[in-house]
Amino acid sequence: MDRFSGKTVVVTGGNKGIGLAIAERFAAEGANLVVASVEEQVESAANRLRNSGAGAIGVLCDVTNKAAVEALYDRAEEAFGSVDVSVQNAGIITIAKIEDLTENQWDDTMDVNTKGVFLCCQEAIKRMRKSGTGGKLINTASGQARDGFIYTPHYAASKYGVMGMTQSLAKEVALDGITVNAICPGIIKTDMWAYNDRVWGELLGDYSPGELMEEWVQNIPMKRAGEGRDVAGLVAFLASDDADYITGQTINVDGGLIMS
Ligand code: NDP
C-alpha cells in the first residue's frame, strides 16, 4: 500500500515505542518521515527508516519549547516541502501518591503531554493552512483520558486536556480541510511500562519486572497487552482519506479495556 506516497508525516517521540511503530507504518506506506525527540537516538531511528527505503530525517526537538517546535516544522518543510500529517505522540509519565506528588512533576507532565501537543498543533496548522491542501492531526491521549488510574492525577489531567484540545481545534480548523482526532492507547508494551513496573511496584507491593503489566492485562477482554503496531494501524487510518469525515473524535485502541 502507498496511501501516503508524497505526503510528509511528523511524529513527535518518534524514536522509540509507539512513536517509532507509527513512523514505521507510515514509511511502509510511502510517506516521508520527520521523527522528533529529545535524545540523539532520534538519528538512528531516522536511519532505520531510510534503510527501509523511506525519506526520513531525525530532528532533536523538545516539544515544550516553542522555538524548537517552530524549527521542527521548518525542517520538515525544507526537507520535504510540506507537512500533511502531524502525530503528537511525545509523552511522559510519573507516578506518586498525592502527598508526594511535586509541583515539578505536575508541571513537567502538563508541559510535555498537553502544552507540547498544543505547540505542535499550532505550528502544523499554520503550515497546513498556508499550503491550502488541508491535513490531519492526530493527538495521543490515553486510556487515562477516559478513566484516571490511581497515583497519576497529573497524567490523567494532561491527557483529558489533550481530548478537550482536540475537540476545540477540530471545530476551529474544519473549514480548512484539517481534521483533528485523538487516540487512547490502553496498555501498550513500551519503555513507559518498564518504568511503570518499577515505580508502581514500589508503591503497590513487591512486583518483579513484567508482573504488574501482566496483572493489568487480565482486565483486557483480549487478554494481551497492545503492541506499537496496534496503535499505528489506527493512526494510519485516521491520517488516510478513509477518515476524511471523522474529526474531533477520541478513539480507544486497547483490546476492549475501556468501552466508553
Ligand atoms: P516511550 O517512553 O517509549 O516514548 C515516549 C517518547 O516521547 C520518546 O520518544 C521520548 O523521547 C518522547 N519525549 C518525551 N519527552 C519529550 C519532549 N519534551 N520532547 C520531545 N519528545 C519527548 O512511551 P510510549 O511509546 O509508551 O508512549 C508514547 C505516547 O503514548 C505517550 O504520549 C504516552 O503517554 C502514550 N500512551 C502510552 C501508553 C502505554 O501503555 N505505553 C498508554 C497510553 C498512552 P526520548 O526517548 O528522546 O526521551
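**Exercise 1.** In this predicted model, determine how the axes of helix H3 and helix H4 cross, and which residues make the contact.

*Solution.* Begin with the axes: those of H3, which covers residues 66–80, and of H4, which covers residues 103–131, come within 9 Å and cross at roughly 35°. Next take the handedness, which for the crossing of H3 and H4 is right-handed. Then list the contact residues, which on H3 are Lys66, Val69, Glu70, Tyr73, Asp74 and Glu77, and on H4 are Leu119, Cys120, Gln122, Glu123, Ala124, Lys126, Arg127 and Lys130.

**Exercise 2.** Locate Gln144 and decide whether Gln144 is buried or exposed.

*Solution.* First place the residue: Gln144 lies in the loop that runs between strand E5 (135–140) and helix H5 (153–173). Then apply the cut-off, under which a residue is buried if its relative accessible area is under 20%; Gln144 has 3%, and is therefore buried. Now look at the surroundings, where, leaving aside neighbours within four places in sequence, Gln144 is in contact with Ile93, Phe149, Thr152, Tyr155, Ala156 and Tyr160. With one of these, Thr152, Gln144 makes a polar contact from side chain to side chain, at 2.9 Å.

**Exercise 3.** State the domain assignment of the protein chain and how far apart the C-alpha centres of the domains lie.

*Solution.* Start from the assignment, which gives domain 1 as 8–186 + 228–252 and domain 2 as 193–225.

Definitions and conventions:
Residues are numbered from 1 along each chain as its sequence is written. This is a predicted model: local features need pLDDT of at least 70, side-chain atom pairs count only at pLDDT 80 or more; totals for chains, interfaces and linings use all residues. Side-chain values use heavy atoms; hydrogens and water are left out. Axes are lines fitted to C-alpha atoms, for helices over the stretch in contact, and angles run from 0 to 180 degrees between N-to-C directions. Helices (H or I, at least four residues) and strands (E, at least two) are DSSP runs, numbered from the N terminus. A crossing is left-handed if the near helix is turned anticlockwise from the far one by less than a right angle, and right-handed if clockwise. Contact means heavy atoms within 4.5 Å. Buried means under 20% relative accessible area, exposed over 50%, partly exposed in between (1.4 Å probe, protein chains only). A polar contact is a pair of N or O atoms within 3.5 Å; within protein, one must be able to donate a hydrogen and the other to accept it, and residues adjacent in sequence count only if both atoms are side-chain atoms. Domain bounds come from an automatic or database domain assignment.
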